[in-house]
Amino acid sequence: MTDADLAAVAHHEAGHALAMVEHRINFRHASVVPLGDSWGRVEPIRLLGFDPTIADGPRQERRTLAVITVLLAGTAAEQKHRGRPRREMALDTPGSESDVEKATTLANSLCGHVDEGTALLEYGFERAKSLVELRWDSIAALAAALIAQREVSARRARRILDAAW
């Protein structure tokens with residue numbers, strides 16, 4: 001992995017971590033240590049009671065939208081870091097492709113119709129881009145810590161994100 005790749009992955013994972021903090025989704029750590037096909041990850045703590053195939057009301061729908069936003073926040077942060085903010089979701093990296101695929105599955109399972117799922121996916125991406133714009137300094141600070149340390153605990157990530165805000 002080149003230094004440019006490492007920086008892109010660090011911003012990608014920092015985007016996920018920030019969105020998880022904003023949506024109160026717990027995670028163990030953020031990492032830019034490659035593992036298998038993944039160049040980095042934010043390891044969530046299991047979402048208790050979360051089953052996107054069961055849309056049992058507004059609470060489940062809000063939770064699904066939050067997870068979609070978290071999945072797309074990595075791509076939004078990476079695009080901004082690379083200086084290529086786009087209207088559409090790019091599939092430039094293996095992480096982005098996997099994240100968009102998961103978000104698409106969630107959106108379609110919640111909506112039940114591909115057109116509605118696509119609209120929800122686009123809405124989730126707009127939310128992710130807005131969050132990234134609003135908290136860019138926080139993402140950059142966490143990305144710098146990830147580059148330096150390769151792995152950051154959830155507690156430390158929250159402190160970094162809060163300090164930069």
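The model is predicted, so local features need pLDDT of at least 70 and side-chain atom pairs count only at pLDDT 80 or more, while totals for chains, interfaces and linings use all residues. Residues are numbered from 1 along each chain as its sequence is written, and side-chain values use heavy atoms, with hydrogens and water left out.

**The whole chain**
- The protein chain has 6 helices and 3 strands, where helices (H or I, at least four residues) and strands (E, at least two) are DSSP runs numbered from the N terminus.
- Along the sequence, the pattern reads α-β-β-α-α-α-α-β-α.
- Of its 165 residues, 45% count as buried (under 20% relative accessible area; exposed is over 50% and partly exposed in between, with a 1.4 Å probe and protein chains only).
- Among contacts (heavy atoms within 4.5 Å) with a separation of 6 or more, 65% come from residues 24 or more positions apart.

**Helix H4 and its partner H2**
- H4 (residues 114-134) and H2 (residues 58-81) have axes that come within 7 Å and cross at roughly 55°; axes are lines fitted to C-alpha atoms, for helices over the stretch in contact, and angles run from 0 to 180 degrees between N-to-C directions.
- H2 and H4 are therefore oblique to each other (angles under 35 degrees are roughly parallel, over 145 roughly antiparallel, 65 to 115 roughly perpendicular, and the rest oblique).
- The contact includes Leu65, Ile68 and Leu72 of H2 and Leu120, Leu121 and Phe125 of H4.
- By class, the contact of H2 with H4 has 12 nonpolar, 4 polar and 4 charged residues (Ala, Val, Leu, Ile, Met, Phe, Trp, Tyr, Cys and Pro are nonpolar; Asp, Glu, Lys and Arg are charged; the others, Gly among them, are polar).
- The buried residues of H4 include Leu120, Leu121, Phe125 and Val132.

**Helix H1 and its partner H5**
- H1 (residues 3-22) packs against H5 (residues 136-149) at an angle of about 125°, with their axes 8 Å apart.
- That angle makes H1 oblique to H5.
- Among the residues that meet are Leu6, Ala10 and Leu18 in H1 and Trp136, Ile139 and Leu146 in H5.
- The contact of H1 with H5 has 13 nonpolar, 2 polar and 1 charged residues by class.

**A look at Asp3**
- Asp3 is found in H1 and, at 68% relative accessibility, counts as exposed.
- Asp3 and Ile147 are 144 residues apart along the chain, and their C-alpha atoms are separated by 9.0 Å.
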